[in-house]
Amino acid sequence: MAQPLRILIRADASRDIGVGHVKRCLSLGQALTDCGAEVTLLTRLRDVDTRSMAAQAGIACTALPDSDEAGGMVDAETTANHVARDRTDWVIVDHYGIDEQWHRRVAEAGARIAAIDDLADRPLDASVLIDQNEADHPSKYVSVLAASTPILGGPRFAMLSSAYADAPRWQASGSVRSIGIFMGGTDAAAMSEVALRACREHAGFEGPIEIATTSGNERLLVLRDLCEADPRTSLLVDAADLTRFFARHDLQIGAGGGATWERCCVGAPTLLLRCAPNQDAVIPALVRRGVVRTVAPTKDRDTVAVGDALRELMTDAKLRATLSRRSLDTVDGLGARRVALYLLADTLRVRPATPSDGQLLHAWRNHPSTREMSADTREIGMEEHLAWYTRALQDPSRSLLVAMIGAVPVGSIRFDRLTGGELEVSLYLDPALHGLRLGTRLLARGEQHMAARRGAPTEFIATVLDGNLGSRRLFASAGYRHIGDRWRKPAA
């Protein structure tokens, strides 16, 4: 069995920079682990306990002293030494203080670089860039990143904990019975207090308010005092995840950081407040799309302006429902898995399908995006599918394979032996996983599997609908030629 890929994550957390970089990286680390990789977090010891965060996520952690400048060449040399010693395959770096010089030095040690960024304010040199914010990404990075660098861009790649994919969703109510406030893990700008004052003093809200924060918040004692003085206000500290917190309140007030995507995934209607300059890459785009509400620029600390915005949301149930629906349409909770599968695409393998795969393949085949590109576009019932599936598994002229990355099934490929000895191929991916380089790997691994099984040169044939441009590009790139009404790949 092949050795698992080794992944090193370089990210820091502090009261100044917050915990968002480390938090999303640990979510990605968990997804990578689920897909069979070995993951280690390399982080500097500052005033936030990142080792405990990593332990809670089940990710190994190597701590660096806070004596050297993060992102400098000493940092790069230290990271490069870890890469060379452990034969690391990928380094994922999520740090605004790291640029192309660091990337190049670490890459020289033998690893590919995956850079997580959203500022585009410095030169970058990576094998792939991940920016989970909405933007015209090629234009955004045109002056700081090679044009050939793949970009995984947009909320489709929002790196959330796996808990969010199946988390409870927000349920609409005719009135706002309670409000949740989460202004980031460390809330360096003390915005929780601004939001609380706006609720009580200017929006006139008299119901329960719950403030979520972490023990890394310097003003934790102040928040405790405020909650003790107001029995209607409670404090939630160091929750393992905030899925239920976001779902249980009728309205949320939050910062425009990584938790924005968590609230979207749960469908919580939200008033976003700008707490740091990098949140300018998040808030305006979501406001334009009607996903969230905010206040006028420079009014984020103005409790009167915040209170006015809250009052509008409190009195308009239809608006809250609209924000919830558009939030749910923006984030599905599978972003970390998509990024992980992209990075691990080269480890894709195929295995023979088993009876237990039947329901999964039925769901993939019946998805609208799969049926649209199939010769038979009708939706097939489970009973009919399982009857066909049982026959297919027993048919000696047919080979049905499932593609796996680690323990995660990602697609299916079928080969039917024709009367002339050729093999006709058809394949489809999990519909949630398009655009991750997986189709190319699936086709190649399937062909290799069949060639090894037959022990002789094999000609492959495929039928592709004229409108299926993605499949046409796939087969063309794999050496198939369009001849007549078929795509053919001669025996090697």
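Okay, let's start at glycine 180: its bridge partner in strand 9 is glutamate 210. That pair belongs to a parallel pairing, with four bridges joining strand 8, residues 179–182, to strand 9, residues 209–213. Before I go on, please keep in mind that this is a predicted model.

So what sheet are we in? It's an open sheet of five strands, in the order 10-9-8-11-12, and the pairing is parallel. At the edges you'll find strand 10, which is 233–237, and strand 12, which is 270–273, and each of those pairs on one side only. Going from one strand to the next, the twist averages 20°.

Now for the helices on that sheet. Helix 6, residues 191–202, lies across strands 8, 9, 10, 11 and 12, and runs at about 175° to strand 9. Helix 9, residues 259–266, packs on the sheet too, touching strand 8, strand 11 and strand 12. The direction of helix 9 makes about 160° with that of strand 11.

Let's stay with helix 6 for a moment and look at its neighbour, helix 7. In general, a pair of packed helices is described by the angle between the axes and the distance between them. Here, the axes of helix 6 and helix 7, residues 220–229, come within 10 Å and cross at roughly 20°. An angle under 35 degrees counts as roughly parallel, so helix 6 is roughly parallel to helix 7. The crossing is left-handed.

Which residues make the contact? On helix 6 they're Ser192, Glu193 and Leu196, and on helix 7 they're Val222, Leu223 and Leu226. By type, that contact divides into four nonpolar residues, one polar and one charged.

Is strand 14 enclosed or out in the open? Seven of its eight residues are buried, so strand 14 is largely enclosed by the rest of the structure.

Strand 14 also has pairing partners. With strand 13, residues 349–352, strand 14 pairs in the antiparallel sense over four bridges, and arginine 349 has methionine 404 of strand 14 as its bridge partner. With strand 15, residues 408–417, strand 14 is joined by eight bridges, again antiparallel.

Last stop, the turn. Strands 14 and 15 form a hairpin with two residues between the strands, and glycine 406 takes a positive phi near 60° there.

Technical notes: Residues are numbered from 1 along each chain as its sequence is written. This is a predicted model: local features need pLDDT of at least 70, side-chain atom pairs count only at pLDDT 80 or more; totals for chains, interfaces and linings use all residues. Side-chain values use heavy atoms; hydrogens and water are left out. Two strands pair if DSSP finds at least two bridges between them. Axes are lines fitted to C-alpha atoms, for helices over the stretch in contact, and angles run from 0 to 180 degrees between N-to-C directions. Contact means heavy atoms within 4.5 Å. Buried means under 20% relative accessible area, exposed over 50%, partly exposed in between (1.4 Å probe, protein chains only). Angles under 35 degrees count as roughly parallel, over 145 as roughly antiparallel, 65 to 115 as roughly perpendicular and the rest as oblique. A crossing is left-handed if the near helix is turned anticlockwise from the far one by less than a right angle, and right-handed if clockwise. Ala, Val, Leu, Ile, Met, Phe, Trp, Tyr, Cys and Pro count as nonpolar, Asp, Glu, Lys and Arg as charged, and the others, Gly among them, as polar.
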